[in-house]
Amino acid sequence: MTESVIDAISAQLSDMRVTVVRLEIGKLSGVMPDAVRFCFELAGEGTCVEGARLDITEPEGTGECRACGAVFPARDPLALCPCGSAEVTVTGGAELTIKAVEVADHV
């Protein structure tokens with residue numbers, strides 16, 4: 001996963017020196033932010049993100065009930081609505097998004 005993020009950034013900014021990468025990793029995404037942090041430095045060696053700071057935000061999950069229309073916090077991808085219905089669509093917290101990339105100058 002971390003390599004895919006680095007590849008996506010490198011595809012656009014290979015001739016730039018990236019100083020900061022900001023990711024949004026939802027708590028329901030199944031991606032472990034600590035694992036991304038651990039791999040980022042190693043996977044970034046020799047790329048435009050080498051030495052860049054990695055900032056990660058972890059938005060909470062949300063769900064919307066298709067039965068009653070309620071919007072509620074979801075702590076699990078297989079959430080149940082407070083009304084008891086399992087007809088729930090996860091509407092937030094499942095994303096893995098590159099929110100921003102800061103560059104310093106040309107390499």
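Mentor: E102 has a relative accessibility of 34%, so it counts as partly exposed. Keep in mind that this is a predicted model. The partner of E102 is R22, and their side chains meet in a salt bridge with 2.4 Å from N to O.

Now go to K27, which forms a salt bridge with E60; their closest N and O atoms are 2.9 Å apart. Here, too, distant parts of the chain are linked, but the partners sit in loops: K27 in the one between strand 1 and helix 2, E60 in the one between strand 2 (53-57) and strand 3 (61-65), 33 residues apart. K27 comes out at 47% relative accessible area, which means partly exposed. The cut-off for exposed is over 50%, so E60, at 49%, is still partly exposed.

The next pair stays within one element. D34 and R37 are both in helix 2, three residues apart, or about one turn of the helix. Their salt bridge has its closest N and O atoms 3.0 Å apart. D34 has 59% relative accessibility, so D34 counts as exposed, while R37 is partly exposed at 37%. Then there's the network: salt bridges with shared partners join R22, R53, D55 and E102. Over the whole structure, the search finds five salt bridges.

Helix 1 (residues 2-13) and helix 2 (residues 33-44) pack at an angle of about 50°, and their axes are 9 Å apart. Helix 1 passes helix 2 in a right-handed crossing. On the helix 1 side, the contact is made by T2, E3 and I6, which meet A35, V36, C39, F40, A43 and G44 of helix 2. Sort those contact residues by type and you get six nonpolar, two polar and one charged.

Note on methods
Residues are numbered from 1 along each chain as its sequence is written. This is a predicted model: local features need pLDDT of at least 70, side-chain atom pairs count only at pLDDT 80 or more; totals for chains, interfaces and linings use all residues. Side-chain values use heavy atoms; hydrogens and water are left out. Axes are lines fitted to C-alpha atoms, for helices over the stretch in contact, and angles run from 0 to 180 degrees between N-to-C directions. Helices (H or I, at least four residues) and strands (E, at least two) are DSSP runs, numbered from the N terminus. A crossing is left-handed if the near helix is turned anticlockwise from the far one by less than a right angle, and right-handed if clockwise. Contact means heavy atoms within 4.5 Å. Ala, Val, Leu, Ile, Met, Phe, Trp, Tyr, Cys and Pro count as nonpolar, Asp, Glu, Lys and Arg as charged, and the others, Gly among them, as polar. A salt bridge is a side-chain nitrogen of Lys or Arg within 4 Å of a carboxyl oxygen of Asp or Glu. Buried means under 20% relative accessible area, exposed over 50%, partly exposed in between (1.4 Å probe, protein chains only).
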